[in-house]
Amino acid sequence: MADVARHAGVSLKTVSRVVNQEPHVRASLQQRVQAAISALGYRRNEAAARLARGATMLTLGLVMENISNEFYSRLAAAVESAAAGHEALVVFGSYEESADKERMLIESMYARGVDALIVVPSAADHGWLAEHPGLTTVFVDRVPQGLESADVVLLDDVWGGRAATEHLLARGHRRIALISDDDELSSVHDRALGYRTALRAAGVADDDALVVHGVFDPWRVSHEVARLLDLADPPTAFFATNNRAAIGILQALRERPERPAYVGFDDFALAEVFSPGVTVVRYDVTRLARSAVDLLLNPAKAPRRVKVPVELVARGSGELPPPGSPPF
């Protein structure tokens, strides 16, 4: 902070007031301090700041859908690691697809003194969070409904959905099914948008008969995949918008003679073990978590949106050709 004060030509007290967002600091001074902070790469030590105020250890809450899902368990571990760098404690809670339980978890953590929250939001309206203006919240993976302004860390879902579909189109597939869960979730909606955008760009009709929404459980996905493969004009390829859907496709194909191509969104531990390996759209979970923790510990007045890039990893399942076609 002394370095920032010297660089900005202000007192140490002024830097402290700006960093702690105290009122009645002239806008010109705020701008000079913020410019110095950016130039020097200064980052406030939250643990030290709390100790100076006589407060206890910084506690962050992580509220997510279901920690038994590999994506959420990896996210939890990454958030915990990122928080440890700030000497912060993380507490977890899963709402298991229940919006009522999600609200209960958030309000309970707030009531018990959790300092800030990272939330993977459900599809429910989150406008009620305006009742808790003192609660700092960053949303991950999905845009919360009902909040006009919020800090959000997202994946590049549209690009990922388009890349997965273009990959299958390039192998000659024209009957590509979409398997996803709740379309009211922004991540699911955007991955499906990427899928449809790729089809339209290739001049392929968007067939609603090949689109399945609202399936969360791999067993139900397996049932829907079998139903689609029994159509008179079945799909020759699948795009799964999450790891559960990809696992459901694998379960269905164990009992089927067909060998459709498929690409999943989200990597998972055994994706390389299968034969062929599962082609996926993957991303850096550590980067996702660090971005969320950084937003939490560096609050700003204006809402921020961070987009984490994704990449397509070809392992074999997405490279299978349509029946009767030569290998790609």
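Student: Is E97 buried, exposed or partly exposed in this model?
Tutor: E97 counts as partly exposed, because its relative accessibility is 48%. Keep in mind that this is a predicted model.

Student: And where does E97 sit?
Tutor: You'll find E97 in the loop between β2 and α6. Its phi is near 70°, a positive value in a residue other than glycine.

Student: OK, on to α6. How many residues does it have, and how far does it reach?
Tutor: Helix α6 covers residues 99-111, which is 13 residues. From first C-alpha to last it reaches 18 Å, close to the 18 Å expected at 1.5 Å a residue.

Student: Which residues of α6 are buried?
Tutor: They are E102, L105, I106 and M109. Looking down the axis of α6, these buried residues fall within an arc of 95°, so they line one face of the helix.

Student: What covers them?
Tutor: The cover over the buried residues of α6 includes β1 (59-64), β2 (89-94) and β3 (116-119).

Student: And which residues are exposed on the other side of α6?
Tutor: D100 and A111 are exposed there.

Student: What follows α6?
Tutor: G113 does, and its phi is positive, near 90°.

Student: Switching topic: which residues of α10 are buried?
Tutor: The list is N243, R244, A245, A246, G248, I249, L250, A252 and L253. That's nine of the 11 residues of α10 (residues 243-253), so the helix is largely enclosed by the rest of the structure.

Student: What does the covering there?
Tutor: Among the elements over the buried residues of α10 are α5, β6, α9 (218-229), β8 (237-240) and β9.

Student: Where's F274, and is it buried or partly exposed?
Tutor: F274 is in the loop between β9 and β10. It counts as partly exposed because its relative accessible area is 34%.

Student: What joins S275 and P276?
Tutor: A cis peptide bond, with omega about 0°. Most peptide bonds are trans. P276 is in the loop between β9 (261-265) and β10 (279-283).

Student: Back to helices. At what angle do α2 and α3 pack?
Tutor: Helix α2 (residues 12-19) and helix α3 (residues 27-40) pack at about 85°, and their axes are 10 Å apart. The two helices are therefore roughly perpendicular to each other.

Student: Which residues make that contact?
Tutor: From α2 you have T14, V15, V18 and V19, and from α3 there are L29, Q30, V33, Q34 and I37. By class, that comes to six nonpolar, three polar and no charged residues.

Student: Now R175. Where is it?
Tutor: R175 is in the loop between α7 (157-170) and β6 (176-179).

Student: What is R175 in contact with?
Tutor: Setting aside its neighbours within four places in sequence, R175 is in contact with D207, L210, D233, P234, P235, T236 and A237. Take P234: R175 and P234 are 59 residues apart along the chain, with 7.2 Å between their C-alpha atoms.

Student: How far is A77 from T286?
Tutor: C-alpha to C-alpha, A77 and T286 are 8.7 Å apart, and in sequence they are 209 residues apart. A77 is in helix α5 (residues 70-84). A77 counts as partly exposed because its relative accessible area is 44%.

Student: Zooming out, how many helices and strands are there, and what share of the residues is buried?
Tutor: The protein chain has 11 helices and 12 strands. Buried residues make up 50% of its 328 residues.

Student: And what size of box does the chain fill?
Tutor: Taken along the principal axes, the C-alpha atoms fill a box of roughly 75 × 40 × 35 Å.

Technical notes:
Residues numbered from 1 in each chain as written. Predicted model: local features only at pLDDT ≥ 70, side-chain atom pairs only at ≥ 80, totals over all residues. Heavy atoms only, no water. Helix = DSSP H or I, 4+ residues; strand = E, 2+ residues; numbered from the N terminus. Expected span 1.5 Å × (residues − 1). Buried < 20%, exposed > 50% of the residue type's maximum accessible area, 1.4 Å probe, protein only. Arc of directions from axis to C-beta. Contact = heavy atoms within 4.5 Å. Axes fitted to C-alpha atoms, helices over the stretch in contact; angles between N-to-C directions. Parallel < 35°, antiparallel > 145°, perpendicular 65-115°, else oblique. Nonpolar A, V, L, I, M, F, W, Y, C, P; charged D, E, K, R; others polar.
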